[in-house]
Amino acid sequence: MACENNLVVKQIIDLYSQISNLESLKPSKNVDTLFGQLVSTCLPTDTNIDVTKIHDEKVKDMRSHLIKLCGVAEGCLEEHFSTIIGSFEDNPLNHLHIFPYYNNYLKLSKLEFDLLAQHITHVPTKIAFIGSGPMPLSSIVLAKFHLPNTTIHNFDIDSHANTLAADLVSRDPDLSKRMIFHTTDVLNAKEGLDEYDVVFLAALVGMDKESKVKAIEHLEKHMAPGAVLMLRSAHGLRAFLYPIVDSCDLKGFEVLTIYHPSDDVVNSVVIARKLGGSSEARSSQIGRCVVMPCNFSKVHAIMNSRGMKKNMIEEFSAIE
């Protein structure tokens, strides 16, 4: 059966048609309803659709454009609610629950922290978040609940987004000291990237394969050997919402874990470590697609304890 004849894909194409004809992607009843329907349609994990194997050019072009529309809509949503929450006279962080996807960010950040903890030997003192946006919920949640002594440097290309984001934390006595904002394109960020123990790359940085790979290549060039790169990807139907990061996009890194949620957390999580450093064997492999084993049993136990038994973790073995 051709992909465009699949019932679920037909539904996605129909929603794409309606979304692409909207006059504005700013939050409204119609916009919220359509994107809500789109996310619900793409959440099921019990399908056999692999978007990387779609050969129909119309469907491929539709997916590419839909991902960009989702990115624009997500940016508009974050700007809208960041403005509202930042307008509270007391600490705006007390009102984060107003954001409609706040609980999803709580789950995703907890998931990322749990996975990260399996691959680091010490609590990072300084991390970078590339593509933090007008509402840097990931950074805020990590700083408040998981990394209480870590300084987080947030990078975004949009100065207005950084202004809104900085205002959110400006009245918090703790985070105002530990959240730092930089306005720059990731490709222009060079000096200082080797000072971070962990670098997060947001899903909306690089909305197509070429741009995503350029960002990863730049980070590989300037991150410190042994530093951890955390990326957000997508799997199954969810790849109609966000771009996919493949293992072989991560040249110069060893891929430690790729985790695919099956609940309402949309993004997959990819964890990789920059090659090089004291190990001559690692240094000699820079430029190859290297995949290293992950500790499946520990991660599986953590996820089971959180009631997420059906999630998918890809277990790797090293390429000889």
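This tour goes through a helix pair, a cavity and a salt bridge in a predicted model.

Residues are numbered from 1 along each chain as its sequence is written, and side-chain values use heavy atoms, with hydrogens and water left out. Local features need pLDDT of at least 70 and side-chain atom pairs count only at pLDDT 80 or more, while totals for chains, interfaces and linings use all residues.

Select residues 102-117, helix 4, and residues 137-146, helix 5. Helices here are DSSP runs of H or I, at least four residues, numbered from the N terminus. The two axes, lines fitted to C-alpha atoms over the stretch in contact, come within 9 Å and cross at roughly 60 degrees. Angles run from 0 to 180 degrees between N-to-C directions.

Next, show the side chains in contact (heavy atoms within 4.5 Å). On helix 4, pick Y102, Y105, L106, S109, K110 and F113; on helix 5, their partners are L137, S138, V141, L142, F145 and H146.

Now select P44, T45, H235, G236, L237, R238, H260, P261 and S268, which line the largest cavity. A cavity is a set of points on a 1 Å grid over the protein atoms alone where a 1.4 Å probe fits but cannot get out; lining residues have an atom within 4 Å of a point. Its volume, the space filled by probe spheres set on the points, is about 30 Å³.

Finally, go to E57 and K60 in helix 3 (residues 57-86), three residues apart. They form a salt bridge, with the closest N and O atoms 3.5 Å apart. The rule is a side-chain nitrogen of Lys or Arg within 4 Å of a carboxyl oxygen of Asp or Glu; the count comes to eleven.

Note on methods:
Helices (H or I, at least four residues) and strands (E, at least two) are DSSP runs, numbered from the N terminus. On a 1 Å grid over the protein atoms alone, a cavity is a set of points where a 1.4 Å probe fits but cannot get out, and a pocket is an open set with protein on both sides within 12 Å along at least five of seven lines; lining residues have an atom within 4 Å of a point.
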